Every structure is written in C-alpha cells, then in structure tokens.
Amino acid sequence: MNTVTDAVQEIPDKELLFRHNQGDEHAFSELVKRHHARLWAVAIRVLGDQEEAADALQDAFLSAFRGAHRFRGEAMVSTWLHRIVVNACHDRLRRRMVRPAVPTEDNTLDILSNERGGPAPDPTGRSDTSLDVHAALEYLPVEQRLALVLVDMLGYRVEDAARILEIAPGTVKSRCARGRARLLPYLAHLRNPGDSPDVPSPKGGGRRS
Amino acid sequence: MTSHVDPETLALFAEGELRDKDREQEVRAWLAESEEARAQLAELREVSQILASAPVPPMPEGLIDRIDEALRTEAKKHPVPSRPTVAPLAPPDQDTKVRPLHRPRGPARWMPFLVAAAAAVFVLGAGTAVVSGLFTAPETTGSGTVLAPPPAPSPQAALPYRLAVVSSGTDYTADDLVSQGASVLDRSALSDFGESTEESESLVPRTDEAIPAEVTSCTEALSGAYGTPTLVDIASYEGQPAWIMFFPATSGTGAEGYAIRVVEPGCAEEGDPDSAVVDTAILHSQQ
C-alpha cells in the first residue's frame, strides 16, 4: 500500500478522507497527525480534565473513522473533525452536567456565587492562570463555554466557530458576550490580585427580553 | 437617566449584538458619561485577553499512540467502513445510567432495522445468511430501510419504550429554553420532575397513531448520537417550527436531568441529522 508516500503533505484532507473510505489504511492516521494538536486544544479547553479530554479525543477520532463516509464534501475536513470533537465533549459535559458543579440556570449560578469566595479551590494548591480559567469556565452554561473556548481562548474566527458549532455567527457572538459577562467576577482576581472576592453577581438580571 | 447597564448588556453591545436600537443608544450615552461604564467595558475586554493567555495543557504522553492503536483495532473489526453509523458516540460511562436504548456499538445499533429486515427475509426462507450479509453490504440497501420504524422490534433489540409527543403551543426562545422546557415537562406529567402543576393545564400526549412518522424517524436518526428522547414537543423556536426533544440524563449520584434539544422538523431527511439540532440546553431536576 504505497498510496501514502512522502508526498503525503501535499495531499489535501478531503483526498485523504476519500482514500480512507476507499480502504487506504494509512490515510486516516495522516489526518490524525495533521489535526490532533488543535483538536486536543479544543477538548482540553472544553473539558478541563486531561483524562477526559484524552478519552473524548479518542472517541472523536474513532467516530470520524467510522463515519467518514458521512462527511459532506462542502464542509472542510477540519471543520467536520472539530464538530465531532465538540460533540464528543458536549456529550461528556452533558453526563457531568447533573452534578451541581456546573450550573445552567441563573438560580444555580446565584447559589454558587453565594457559596464561593473565589473560583473552586484548587486541591493541589497549585494555582496558575490555566487552572483558574478552567475553574471559572465551569460556571458557564455549555453553549457559552463552547463559543468562548473557540473564539476567545483558541482564537478562531467567529465564522469558523459558527461553522463548527452549526449556529449563526450572531449567535456565536452573543454567546461569547454573555459568557464574558458571566466570567467577569470569576476572573477579577487575575486582573488585580488585591481585589476583594466580594464581587457582585455576574449578571444584573436584564437578560430576559 | 441611564441608571445602570449590566455587564451582559455591555458585552452584547460590544459585540454589536444588542438588537434593540434604543437600548444601544442608552448604552452609548452611558458610556459617554460614565467612567465606571468605560472601566467595565475594559474589564470585559480583559476577560477575552485572560482567556487567550491561558496556556493549553500539553497532550498526555502516548495519547497519539493510544489513538492509533484504537484506530487499528477498529479497522480490524470493520475492514471497510460502509455502514451509515449515525454518530460519534462514546459508550456510556459505567456510572452514567442514561436511560435510553442499550447501544453496545457498531451493528447492534441497527438491530431494530435488521430485525425488521430479517422478518421479511424469513418469509422468503433465505435465513440468517442474508441477514448477516446486511451487516457488511454497502450502501446499496439504501437509507429507506433505515427510516422505516421497525414494526416489531425484538425484545432483545429494544427496550420497552414509548415516545410521548405533545403540542404545547410554546414558542421557545434561546434565553428561556430551560424554563420553558421545565414547564412543558411538568405539564406533561411525564416524570417526577417538579411537582408543581397548579396553575398550568396539563398536556396530553398524542396517541401512537397521531405521532407523525417524521418525528419517529427523526428521533431514530438522532438516537445514535443522543439516545432516545422521552418527550417531543411539536412547537416552535424563535418563531420557527421546531421539535423540542427531551433526552433523559442521569448522573451517578442519581440526580436526574434532561438535555433539551431543539431540532428542525424533518431532521431525518438530512444526511447528517445532528446538523438539524439548532440549540441545546440542560435541565436540572433541582431547580
């Protein structure tokens, strides 16, 4: 099987996927090689937990491998892979969701903000931006978290995030905006370490229209 | 007199997503006159910067090898990927008892359809040889088979399951999806979910015959990705006709919830049923 050779770098993603569907055993691992780093970044950012992110990434690649024939040519392979990873993460978050740590509604959030003196304490005592940011993200509804991870954390263009999430660009923007507003109090200490933890609730209740 | 603008309004304003012109004008005025407002806007920008500056934790050692290995194993199991498997999905964690169908993986997911096909085959006397052929047959069997609801699923293949379909008349919105969903769930008295049914009239699920076939096809098309909904509300979302589906989710601690998915009607006709899901929300039991 010499279909994948040294010239592999020049083969477009779509062609690789096509070859995979034709039974080329190496084509898919080339896709993994090309995309795993960015997809890892998505998974670890969304899930926060290394082990879970690793599992999600593996699940996602397996589903892409199995479902390659379902790829619709009009999307980019990279967008399609991202979407599968996001779905795998989403699924894990959903299962996690019923734990009280992840609020989805305002009242839950209010309870949490009353209980807390800062974002979830880090049991290891290690505290760096990455951990704090992750702890803060836990306070966001999943949809907002996904939008913020793609746009703010990983720097994807709104249009690209919209394609990955299959929502309108305007929806991406408003989810990002709402997410940022909610995160405001939880990230305050990263801006100014001396800040009082006694911050106001992240939203003023003006959301319902 | 712009008394106060909350951070969310300000954040939406900054994205140009404040859809109300008057409100936009108000925020603009407030920003012009208030130091505090400008400071808050700056803080919001900083949120993005802080998020962008958080380093991505490195990929665990050996993960790529592990994935390669998993893909090799998968390739051995199904040498030619030919079946339209519905979607990505990890097998449920052992501590997640998601209620719907058992989905062991691979062909088993198609059991109901295959059982239906088998029934037909047996009439012809062709027996299991033909049935097993179906597992590997390329797409020539067509998706028509897939869309037809199995008339008599075998007891092995499907759990006793009944889809409740209501038409609540709700126009769901992105912002209120959770509370609207909770209310509809309550009123359909489907579950243990919040017992307050005082002021609202209850919703009577349709009889089996009155459930549109498209709804059934759609839930089946989505089941690979999300399991099976317990309730579907034929309603609208942001003014557009939509099917609001409630998928049960249960945690290890026994707390129950629902994943609410807003689906465009006719999702089964699309190549990728997932793409018909336009919004998702999670509903906790302890509201």
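Q: Where is B:G227 found in chain B?
A: In this predicted model, B:G227 lies in the loop between helix 9 (213-226) and strand 3 (231-237) of chain B. Helices (H or I, at least four residues) and strands (E, at least two) are DSSP runs, numbered from the N terminus.

Q: Does B:G227 count as buried or exposed, and why?
A: Buried, because B:G227 has 21 C-beta neighbours inside 10 Å. The cut-off for buried is 20 or more other C-beta atoms within 10 Å of the residue's own; exposed is 12 or fewer, partly exposed is in between, and C-beta atoms are placed from the backbone.

Q: What separates the C-alpha atoms of B:G227 and B:A249?
A: 9.6 Å, with the two residues 22 apart along the chain.

Q: Switching to chain A. How many helices and strands?
A: 9 helices and 0 strands. Of its 209 residues, 50% count as buried.

Q: Which residues of helix 1 meet helix 2 there?
A: A:D13, A:L16, A:L17, A:R19 and A:H20 meet A:A27, A:F28, A:E30 and A:L31 of helix 2. Contact here means C-beta atoms, placed from the backbone, within 7 Å.

Q: And at roughly what angle do the axes of helix 1 and helix 2 of chain A cross?
A: Roughly 145 degrees, and the axes come within 7 Å. Axes are lines fitted to C-alpha atoms, for helices over the stretch in contact; angles run from 0 to 180 degrees between N-to-C directions.

Methods
Residues are numbered from 1 along each chain as its sequence is written. Chains are lettered from A and ligands numbered from 1 in the order in which they are written. This is a predicted model: local features need pLDDT of at least 70, side-chain atom pairs count only at pLDDT 80 or more; totals for chains, interfaces and linings use all residues. Two residues are in contact if their C-beta atoms, placed from the backbone, lie within 7 Å.
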